[in-house]
Amino acid sequence: MSLTTEFTTADGYKLTLNTGLFINNEFVEGSSTIETINPSTGQVITAVQAAEAKEVDAAVEAAHKAYYGGWKNSCPRERARLMHKLADLVERDIDELAHIETLDNGKPLKDALSFDVPGLAGQLRYFAGCTDKVHGKVIETQGKLSYTIHEPIGVCGGIIPWNFPLAMLSWKIAPALAMSNTVVIKTSELTPLSALKLGSLIVEAGFPPGVINIITGYGHVAGDLLARHMKVSKIAFTGSTAVGRLIMKAAAETNLKKVTLELGGKSPNIVFDDVENLDEAVFWSRLGIYMNAGQVCCAGSRIFVQEGIYDQFIEKFKALAASGTVGNPYDANTIQGPQISERQFERVMGYIESGKEEGATCLLGGNRVGDSGYFIEPTIFTDVTTKMKIMQEEIFGPVVAITKFKDVDEVIAMAHDTDYGLAAAVFTSSLKRAITVSNRLEAGTVWVNCYNQISENVPFGGYKQSGNGRENSVYALDNYTQIKAVKINIGL
Amino acid sequence: MVQPDLQTVRLSNGKEITVHTQLFINNEFVPGHGPLIETINPATEEVICSVHSADKQDVDAAVNAAATCFKDTWRKVAPAEKARLIHKLADLMERDRDELATLDALDNGKAFTVARDVDITDSIACYRYFAGWADKIHGKTIDTTFDKLCYTRHEALGVVGAVIPWNYPTMMAAWKFAPALAAGNCIVMKTSEITPLPAYKFAALVKEAGFPAGVVNIITGYGHTTGSFLGSHPLVSKMAFTGSTATGRKIMESSSSSNLKKLQLELGGKSAQIVCADADLDKAAEWSCGGIFNNHGQSCNAGSRILVHESVHDQFLELFIKHTKAMIKIGDPFDEDTFQGPQISKGQFEKILNYIEIGKKEGAIVSYGGKRWGNKGYYIEPTVFTNCHNQMRVMREEIFGPVVVIAKFKTIEEAIDIANDSDYGLAGGVYTTDLDTAITVTNEVKTGTMWVNCFDVFDQSTPFGGYKQSGFGKELGKYALQEYTQVKVVKILRSSKI
């Protein structure tokens with residue numbers, strides 16, 4: 001059976017798509033198939049092989065064998081060389097990868113070209129530089145030589161979401177590989193294609209078979225099996241808080257594998273009346289919610305504006321939000337593509353309905369765009385109260401709730417009125433306020449006078465129910481390391 | 001008539017290569033105002049060609065180019081971009097590996113196969129290792145009082161001066177360039193006037209890789225002129241020097257009388273290899289042989305004293321000589337089989353032969369070698385002295401040639417004392433199968449590196465640098481970054497109350 005398929009995109013780009021499961025450096029059949037949809041049109045792109053118990057076992061076995069068969073004790077320089085080589089190939093094939101990403105996810109092609117694919121390469125290169133810089137400590141103790149070794153964990157599972165398929169894949173595999181773990185990644189069944197294309201590049205780069213395995217499957221099937229597998233020593237999950245709980249439960253019920261979670265958010269974006277440049281604050285705030293059609297875990301989905309500038313802010317924000325094309329992702333003018341799926345589309349529209357029902361004012365948008373594909377207008381709600389669903393629950397769409405505040409104590413209390421704690425932002429020209437407020441905010445990332453600035457060398461992760469563990473930067477290595485202490489008695 | 005930059009040079013096998021001979025300043029090859037210096041092929045004693053050297057105005061030009069580039073350009077280049085450039089440079093070195101190795105072998109006399117498989121290979125690895133640090137240089141936030149935000153920045157120094165020796169021309173350049181660039185500095189490097197050719201070829205690769213003009217500047221000249229101008233320049237924030245202890249003192253003096261520039265000194269050594277009674281003698285003999293005779297004994301960390309437990313001395317000596325005979329094939333650097341080429345220069349050649357005479361006069365016995373090899377080129381036989389004691393000059397002074405001195409010891413404590421009875425403290429080694437002995441000896445011997453059951457083993461990620469008069473500061477490893485950064489602490493008070 002053929003495990004590739006040809007596809008021509010709406011802008012005429014010819015693609016050869018991999019549709020098999022990527023196990024042990026080969027593309028193989030699964031137990032069933034899943035259709036993946038083009039969210040810009042609602043049409044089926046192709047069917048891909050799906051992993052069930054047999055295939056999850058095969059992938060974990062392959063990773064296990066590769067780990068003990070040489071990857072665990074591999075030369076750091078060799079791991080670095082392979083990771084750099086893969087980054088080279090990603091950069092060589094950036095057009096192809098970006099086109100697959102836009103086809104399967106719907107994000108504007110220029111975003112895939114400028115952010116997603118370069119992000120994958122940048123992540124690989126950053127962590128390639130880490131492989132030979134793993135240091136333990138020597139600790140002075142009486143009569144002993146005591147030292148720590150930082151060892152890899154083993155077979156690491158990764159379950160990744162559909163909002164930034166390639167970038168999310170790289171956030172998992174790069175630190176894991178740097179620390180000489182092997183990986184089994186379950187992609188989202190909504191966006192399997194770009195990771196499978198990466199499989200071809202993994203082979204071309206020369207990675208030994210079994211080091212990186214990529215399987216498509218349903219969360220409640222392949223994802224659950226991976227989270228429960230006795231030979232998987234660690235699971236890293238990015239997705240909803242609800243599923244994060246299930247992952248933790250699965251680990252608790254099986255081998256207590258280590259768990260890191262990157263979950264949801266309802267991040268507060270706080271604009272004080274002493275902003276130096278209101279237009280800039282509006283620019284960042286708009287990026288903060290509408291980037292990637294609102295499908296960002298750290299989206300600034302609640303905006304708090306100090307009352308003195310509230311009217312001005314609303315006027316400017318509304319104008320900016322209304323500008324820019326929502327539509328064809330291949331059009332260079334498009335700034336927002338579709339929501340990922342029909343189900344997500346319905347969900348976001350449902351929240352818009354609930355906002356209206358609960359008495360908020362829909363100041364802008366609130367409607368579908370066009371009649372094919374899952375496009376939603378940039379939407380603004382004002383006159384909100386903190387207990388409304390649209391202020392409490394993660395919508396994961398282009399819908400922002402804006403409210404006003406008087407003073408700093410009030411806004412921090414409102415900002416904290418959430419179970420989440422992924423990110424936050426502060427807009428102010430006051431040095432004291434910037435530092436004080438960022439100190440007080442319970443969030444894993446605080447942006448000052450910007451939003452959604454994420455780089456591979458700065459850690460990212462949540463407080464509270466937004467998760468645990470950090471991705472990016474050397475901090476991420478902690479997730480893929482276990483520490484052994486050795487104490488040699490020398491009887492001095 | 002100003003000598004043009006490119007010169008054609010003929011190798012012993014008849015091949016011709018083109019070399020750069022002008023100073024590399026601000027991404028251009030420019031004539032120098034110092035004298036033309038002849039560089040000699042130590043295998044043939046013949047002149048290879050002449051190179052331009054830098055006088056004071058050239059040093060000024062190079063330093064100013066570096067200072068301007070740092071202020072206007074290099075410090076604004078993102079760390080990940082710096083890493084990319086350094087990786088590109090390493091890619092180009094890989095592409096031109098054979099050419100670089102040829103120049104090292106031609107100008108220094110080391111075997112081409114060694115230059116290619118050790119010097120150039122390790123240099124490339126060094127650049128790649130430090131490229132990976134460029135975007136990982138972290139300060140800290142430090143909790144003090146509730147009303148302050150305190151953090152440190154690890155900032156680049158600015159313009160760094162480097163003076164490198166002739167024993168590993170490309171590799172010694174890498175050990176300075178790689179961490180300096182990763183930490184964000186601009187550099188002016190003075191190569192040894194004895195081996196100027198490899199770095200000028202490297203300079204062409206720097207330009208090809210796309211480094212902005214002024215980041216890397218390479219000049220050559222005599223130590224007492226060019227080196228001295230660099231060492232006393234007020235715009236140079238730091239001098240990194242590898243060479244003799246005597247010159248190290250001069251560098252320190254010139255810093256003290258100019259701008260108190262920061263210093264890093266990698267100086268001489270007289271490292272002791274201790275062979276215990278319970279050692280695997282054959283392996284110890286093999287490792288210790290390489291430990292002294294690698295690079296024709298021209299290593300600061302050469303294991304030039306071997307201390308052997310009296311009970312195994314004769315057995316060890318026999319094995320050592322056996323390994324010396326098997327390992328050391330002397331010959332033309334471009335012969336595939338050659339292990340040992342000539343010593344670097346006439347001056348060094350005569351100095352080493354003189355030490356051999358001194359040793360004999362002091363009562364040491366030549367158990368192997370002891371003379372010149374052949375009658376053309378500065379070749380000296382690997383030489384083994386026995387019946388030595390630690391007060392002999394040949395046991396105390398750095399010979400920097402293929403001459404090893406062997407002495408006996410009775411107890412481990414005695415061996416440790418002998419090893420420590422030196423003004424130097426660069427490296428050392430111990431051969432033993434006993435865990436306690438290994439840990440005790442490595443704890444007690446006062447050197448910057450202690451090898452156990454091996455010698456002369458280097459990794460890019462482990463630091464190297466001496467104790468005592470072997471110098472201070474570390475090269476390689478994360479520790480090297482400290483030498484090329486300065487720490488600023490920022491303390492922001494955010495309370496309006498006093």
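Visitor: Which residue in the turn of the hairpin formed by S7(A) and S8(A) has a positive phi?
Guide: Strands S7(A) and S8(A) form a hairpin with 2 residues between them. A strand is a DSSP run of E with at least two residues, a helix a run of H or I with at least four, and both are numbered from the N terminus. In this turn the residue with a positive phi, about 70°, is Gly143(A).

Visitor: What kind of model is this?
Guide: Residues are numbered from 1 along each chain as its sequence is written, while chains are lettered from A and ligands numbered from 1 in the order in which they are written. Side-chain values use heavy atoms, leaving out hydrogens and water; local features need pLDDT of at least 70, side-chain atom pairs count only at pLDDT 80 or more, and totals for chains, interfaces and linings use all residues, in what is a predicted model.

Visitor: Which residue in S26(A) is the bridge partner of Leu145(A)?
Guide: S7(A), residues 138–141, pairs with S8(A), residues 144–152, in the antiparallel sense over 4 bridges; two strands pair if DSSP finds at least two bridges between them. On that side, Leu145(A) stands opposite Glu140(A). S8(A) is also joined by 9 bridges to the antiparallel strand S26(A), residues 481–489. There the bridge partner of Leu145(A) is Ile488(A).

Visitor: Is Glu262(A) buried or exposed?
Guide: An unreviewed UniProt entry lists Glu262(A) as "active site"; such annotations may be inferred rather than shown by experiment. Glu262(A) lies in strand S13(A), residues 258–262. Its contacts (heavy atoms within 4.5 Å) beyond four places in sequence include Phe237(A), Leu422(A), Phe460(A) and Glu471(A). Buried means under 20% relative accessible area, exposed over 50% and partly exposed in between (1.4 Å probe, protein chains only), so with 3% Glu262(A) is buried.

Visitor: How many salt bridges does the rule find across the interface of chain A and chain B?
Guide: The two chains bury about 1,700 Å² between them, 65% of it on carbon and sulfur atoms; buried area is the accessible area (1.4 Å probe) lost when two parts are put together, summed over both. A salt bridge needs a side-chain nitrogen of Lys or Arg within 4 Å of a carboxyl oxygen of Asp or Glu. Across this interface, the number found is 0.

Visitor: Which element supplies the largest share of the side of chain A that touches chain B?
Guide: H2(A), H14(A) and S26(A) each supply at least two residues of that side. The largest share, 5 residues, comes from H14(A).
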